[in-house]
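Reader: Please go through this predicted model with me, one topic at a time.

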Amino acid sequence: MQQESTLKGIRVIEICNVAAGPFCGMLLADMGADLVKIEQPGSGDTLRSWAPITDGYSENFASLNRNKRSVALNLKNEQDQQVAARLIAQADVLIENNRPGVMDRLGLGYAAMREQNPALVYCSISAYGQSGPRSQEGGFDLTLQAMSGLMSVTGEPGGAPIKCGVPVCDFTAGLYAAFSIATALRSVALDGQGTHIDVSMLGATLGIAALQTSQYFGTGIDPVKLGSAHPRNAPYQVFRCEGGYFGMAAGNNSLWKAVCTVVEREELVLDARFVNPTDRAANQDALREILEEIFAAADAETWLKHFRGAGVPCAPINDYSDVLADPQVEHMEWVRDLELPNGARTRTFVSPVRFDSRSAELRLRPPALGEHNEEVLAELLKRQTAE
């Protein structure tokens, strides 16, 4: 089975901007869905203006909008609203990430669309959800990282709140949305009834914080910032060495014993402070000081070689240029050439999921704004004529 055939025949309409919604749509498009992206004439998706710009086209936009077709419609215009409604009426899925209530005011809300298309899977992505006391508040990844508690456990102990460098709230919401849509499509196949999926960035970010929320529920104590360290395991963090740092995770007693052998300090296995993962975590400041004094004798490359040889999970602190050139990334064929709408060539990271040892193909380059108006509207007319 090929990835790009799993959702073949599923028509998805996307009315989204920037990250969470477009990422969700791209995940479905990578799996073969026919995705039509409706954008505002003139400006389009906000991401189209984000740097880096290569010969007039945003590389950020390109990274989230492959395998899609673009239709430019002014949804504040009644005629264009009717076109959008007809497209949605013939679709299997609608994804939107507007503030709650916007789609209703445009005449494209779930209640209106369900009347025309009872089998429609309608997915709304927002900051806080479609109802509740915060539903009308806007949100960006930064504010959701702050609201969700993520910043309270990110950074060095005693330090200022730190944002995760990757927009984790946006992309986690997109992942939850794509998973939920795939699940709902299975239900539609069984009973023919669609549904309204409500995905919030807040809920998605709390969903992936299961270890932190359960720690609070179990102890009544808020988790705290630990830098790269782990609250319940050690050694399990980034360590300083000669000229830099490396990451090493000895997550059980056998790996800890291997670490002691590598650093030629076998007596540490019997040290009462370090007998098991819980004790090592409770005394990890002392453990880090002992290990970093040893690690200062050699560089990261040397220690990584030793730990890999002993079967201890470890890794360099890569820049993106490093990891994208890693032989494992090359083997998995995750980096591919990508054509921009003007013919310029760039590269992109494709779907990391493989089916039968194969990654998804790039079926369509990212579209120019409104590039497919004529093509999609001709298809719409043909379908209406056939009905």
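Reader: Which accessibility class does N17 fall into?
Author: N17 is partly exposed, because its relative accessibility is 33% (buried is under 20% relative accessible area, exposed over 50%, partly exposed in between, with a 1.4 Å probe and protein chains only). As this is a predicted model, local features need pLDDT of at least 70 and side-chain atom pairs count only at pLDDT 80 or more, while totals for chains, interfaces and linings use all residues. Residues are numbered from 1 along each chain as its sequence is written, and side-chain values use heavy atoms, leaving out hydrogens and water.

Reader: Where does N17 sit in the chain?
Author: N17 belongs to the loop that links β1 (11-15) to α1 (helices are DSSP runs of H or I with at least four residues, strands are runs of E with at least two, both numbered from the N terminus). V18 is found in that loop between β1 and α1 too. The phi angle of V18 is near 65 degrees, a positive value in a residue other than glycine.

Reader: And what does N17 touch?
Author: Not counting residues up to four places away in sequence, N17 is in contact with P22, G44, D45, T46 and N97 (contact means heavy atoms within 4.5 Å).

Reader: Changing topic, which residues have the most contacts inside the largest nonpolar core?
Author: They are L28, I95, I125 and I181, in a core of 33 residues (a nonpolar core is a set of buried Ala, Val, Leu, Ile, Met, Phe, Trp, Tyr and Cys residues joined through side-chain atoms within 4.5 Å). Two or more residues of this core come from each of α1 (20-30), β6 (93-96), β7 (121-126), α7 (168-191), β8 (195-200) and α8 (201-207). The greatest contribution, 9 residues, is that of α7.

Reader: Which residues does I95 contact?
Author: Neighbours within four places in sequence are left aside here. The contacts of I95 then include V12, I13, I15, C24, L28, C123, I125 and I181. There is also a second, separate core of 27 residues, with L268, L287, F295 and A300 among them. In soluble globular proteins, nonpolar side chains tend to be buried together.

Reader: How is the protein chain divided into domains?
Author: The assignment gives domain 1 (11-210 + 350-385) and domain 2 (236-321), with bounds from an automatic or database domain assignment. Their C-alpha centres are 42 Å apart.

Reader: How many helices and strands are there?
Author: The protein chain has 16 helices and 15 strands. Its C-alpha trace spans about 80 × 50 × 40 Å along the principal axes. Of the 387 residues, 44% are buried. Among contacts between residues at least 6 apart in sequence, 69% join residues at least 24 apart.

Reader: Where are the prolines P52 and P235, then?
Author: P52 lies in the loop between β2 (34-39) and β3 (53-54), and the peptide bond from A51 to P52 is cis, with omega near 5 degrees. P235 is in the loop between α9 (210-219) and β9 (236-241). The bond joining A234 and P235 is cis, with omega about -5 degrees.

Reader: One last thing: is D356 buried or exposed?
Author: D356 counts as exposed because its relative accessible area is 58%. D356 occupies the loop between β14 (354-355) and β15 (358-359). Its phi is near 50 degrees, a positive value in a residue other than glycine.
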